[in-house]
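Look at the structure first, then read on.

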Amino acid sequence: MVAQDTALNLPPPILTIDQDRLFQETGLGARSARAIEAEVETLAAENAQIESRLIEREQDLTVRRPELPVEDFRALADAFDGDVQRLRDAQDEKARELSRLRDAARQEFFNDVAGIISDIVRERGALVVLDRRDVFLSADRIDITDEAIARVNDAATLE
């Protein structure tokens, strides 16, 4: 059927798109990605500061250990371990929230550009668009990524 469609010069019923490229190479997607990346960098800086403070506390405990009674040292060490765990849990939750924000931003982006992709699908007479990563082998002529990037960027300049 595909060979027959090609021989008759019919449009392919299946198109592919590289969703990552579409997101990264359009102004709209790139702005969204930069905003999330700024949050990731802020979290990384915060983690570095926390790590530095914890290292100082741990070194202080190590220095004080010989002069403290065992019970006092154990109480300080347990408190330190509890603080480390609470900080780790809080930072992990922040990282999960950033991941959720990243996913939501991508979903919002694809919702925003769905009409443009639908126009390309309709113009090409296609029935379905698959993510290029899910396709083992395809002809380049069914990939609409470059056209979609151009149209999304054009639409953004009209707004």
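## Helix crossing

Angles under 35 degrees count as roughly parallel, over 145 as roughly antiparallel, 65 to 115 as roughly perpendicular, and the rest as oblique. Axes are lines fitted to C-alpha atoms, for helices over the stretch in contact, with angles from 0 to 180 degrees between N-to-C directions. Helices (H or I, at least four residues) and strands (E, at least two) are DSSP runs, numbered from the N terminus.

This is a predicted model: local features need pLDDT of at least 70, side-chain atom pairs count only at pLDDT 80 or more, and totals for chains, interfaces and linings use all residues. Residues are numbered from 1 along each chain as its sequence is written, and side-chain values use heavy atoms, without hydrogens or water.

The axes of α4 (residues 70–124) and α5 (residues 145–158) come within 10 Å and cross at roughly 120°. The two helices are therefore oblique to each other.

## Where they touch

Contact means heavy atoms within 4.5 Å. On the α4 side, the contact residues include F109, V113, I117 and R124. On the α5 side, they include A148, R151 and V152.

## Nonpolar cores

A nonpolar core is a set of buried (under 20% relative accessible area, 1.4 Å probe, protein chains only) Ala, Val, Leu, Ile, Met, Phe, Trp, Tyr and Cys residues joined through side-chain atoms within 4.5 Å. The largest has 17 residues. L22, F109, V113 and I117 have the most contacts inside it. β1 (14–17), α2 (19–24), α4 and α5 each supply at least two of its residues. α4 gives the most, with 7 residues.

A second, separate core has 8 residues, among them I50 and F73.

Terms used. Buried < 20%, exposed > 50% of the residue type's maximum accessible area, 1.4 Å probe, protein only.
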